[in-house]
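Subject: Structure handover

Hello,

Please find the structure below, with my notes after it.

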Amino acid sequence: MSDTTMTAAATDSSQNGQLEFLVKGDHHPQNGTLLGFWIYLMSDCLIFAALFATYGVLGRSYAGGPTGMELFDLSLIAINTSLLLVSSITYGFAMLQMQANKVKGTMFWLAVTGMLGLGFLSLELYEFHHLIHVGAGPQTSGFWTAFFALVGTHGLHVFFGIVWLVTLLFQLKKHGLIPENKRRVFCLSMFWHFLDVVWVGVFTYVYLMGVLP
């Protein structure tokens, strides 16, 4: 488009007193948000892959310090795992309520999911505090450095997921199930289930294999 044409378009707009776009139509690409979020999740997969690989290399580097077999409490970890897995089910209920256009039902199950996530974080922080108290901090050995890096990074993701969930609850209360909020609920669903899949790997590779001699 030439400068003359653009000037003419701007003149017409100023004369009508309205703001007009030179390019008509929807400026938001269809499914652009979901595509971008999938790309983000793939980048997160690379982060966790690097942390799992680091743990695999340092998994037996105890430096004369305590081992996972000596300190891991599988009963506590089993409860923690159950909380996170159940939270995936409750998020599924929230998705069903959203598809039925029930705002209160969606908010209720999202709130339940958030409470389960908080329970998971509370037990994880308790575990970290206990390990550090008995002398198994991140600086103790390569094994514990890799352990805190991997498990702590996952915990941070859960924390930010809860912050996102609380923000979404306020948006749902104010605006309801508008298309934008539905898209946000769906994106958070992918993020939350992704964290569950990663935790299954942590539970198996770090804790279950960690108690083996």
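In this predicted model, the axes of helix 4 and helix 5 come within 8 Å and cross at roughly 165°. An angle over 145 degrees counts as roughly antiparallel, so helix 4 is roughly antiparallel to helix 5. The crossing of the two is left-handed. Sorted by class, the residues in the contact of helix 4 with helix 5 are 17 nonpolar, eight polar and two charged.

Helix 4 itself covers residues 74-99, which is 26 residues. From its first C-alpha to its last, helix 4 reaches 38 Å, close to the 38 Å expected at 1.5 Å a residue. Its buried residues are L76, I77, N80, T81, L84, S87, S88, T90, Y91, A94, M95 and M98. What covers the buried residues of helix 4? The cover includes helix 5 (103-133), helix 6 (142-175) and helix 7 (179-208).Two residues show the pairing of helix 4 and helix 5 from either side.

Q97 lies in helix 4. Is Q97 buried, exposed or partly exposed? With a relative accessible area of 22%, Q97 is partly exposed, since the cut-off for buried is under 20%. Apart from neighbours within four places in sequence, Q97 is in contact with K102, G105, T106 and W109. Q97 and F108 are 11 residues apart in sequence, and their C-alpha atoms are 9.5 Å apart in space.

T106, one of the contacts of Q97, lies in helix 5. T106 has a relative accessible area of 0% and is therefore buried. Which residues does T106 touch? Not counting residues up to four places away in sequence, they are A94, Q97, M98, L172 and L177. Of these, A94 and M98 are among the buried residues of helix 4.

Between the two helices there is a loop, and N101 has its place in it. N101 follows helix 4 and has a positive phi, near 60°, although N101 is not a glycine. For context, most residues other than glycine have a negative phi.

Helix 5 has 31 residues, which should span 45 Å at 1.5 Å a residue. The end C-alpha atoms of helix 5 are 45 Å apart, which agrees with that. Just after helix 5 comes G135, with a positive phi of about 90°.

Helix 5 also packs with the next helix along. How do helix 5 and helix 6 lie, roughly parallel or roughly antiparallel? Their axes come within 9 Å and cross at roughly 155°, and helix 5 and helix 6 are therefore roughly antiparallel to each other. This crossing, too, is left-handed. By class, the contact of helix 5 with helix 6 has 21 nonpolar, seven polar and three charged residues.

T67 has a relative accessible area of 13% and is buried. Leaving aside its neighbours within four places in sequence, T67 is in contact with Y62, F143 and W144.

A63 has its place in the loop between helix 2 and helix 3 as well. Is A63 buried or exposed? A63 is exposed, with a relative accessible area of 68%. The phi of A63 is positive, about 55°, although A63 is not a glycine.

As for the protein in general, there are seven helices and zero strands. Along the sequence the pattern reads α-α-α-α-α-α-α. The protein has 213 residues, and buried residues make up 38% of them. Among contacts with a separation of 6 or more, 80% are accounted for by residues 24 or more positions apart.

Regards

Note on methods:
Residues are numbered from 1 along each chain as its sequence is written. This is a predicted model: local features need pLDDT of at least 70, side-chain atom pairs count only at pLDDT 80 or more; totals for chains, interfaces and linings use all residues. Side-chain values use heavy atoms; hydrogens and water are left out. Helices (H or I, at least four residues) and strands (E, at least two) are DSSP runs, numbered from the N terminus. The expected span of a helix is 1.5 Å times one less than its number of residues. Buried means under 20% relative accessible area, exposed over 50%, partly exposed in between (1.4 Å probe, protein chains only). Contact means heavy atoms within 4.5 Å. Axes are lines fitted to C-alpha atoms, for helices over the stretch in contact, and angles run from 0 to 180 degrees between N-to-C directions. Angles under 35 degrees count as roughly parallel, over 145 as roughly antiparallel, 65 to 115 as roughly perpendicular and the rest as oblique. A crossing is left-handed if the near helix is turned anticlockwise from the far one by less than a right angle, and right-handed if clockwise. Ala, Val, Leu, Ile, Met, Phe, Trp, Tyr, Cys and Pro count as nonpolar, Asp, Glu, Lys and Arg as charged, and the others, Gly among them, as polar.
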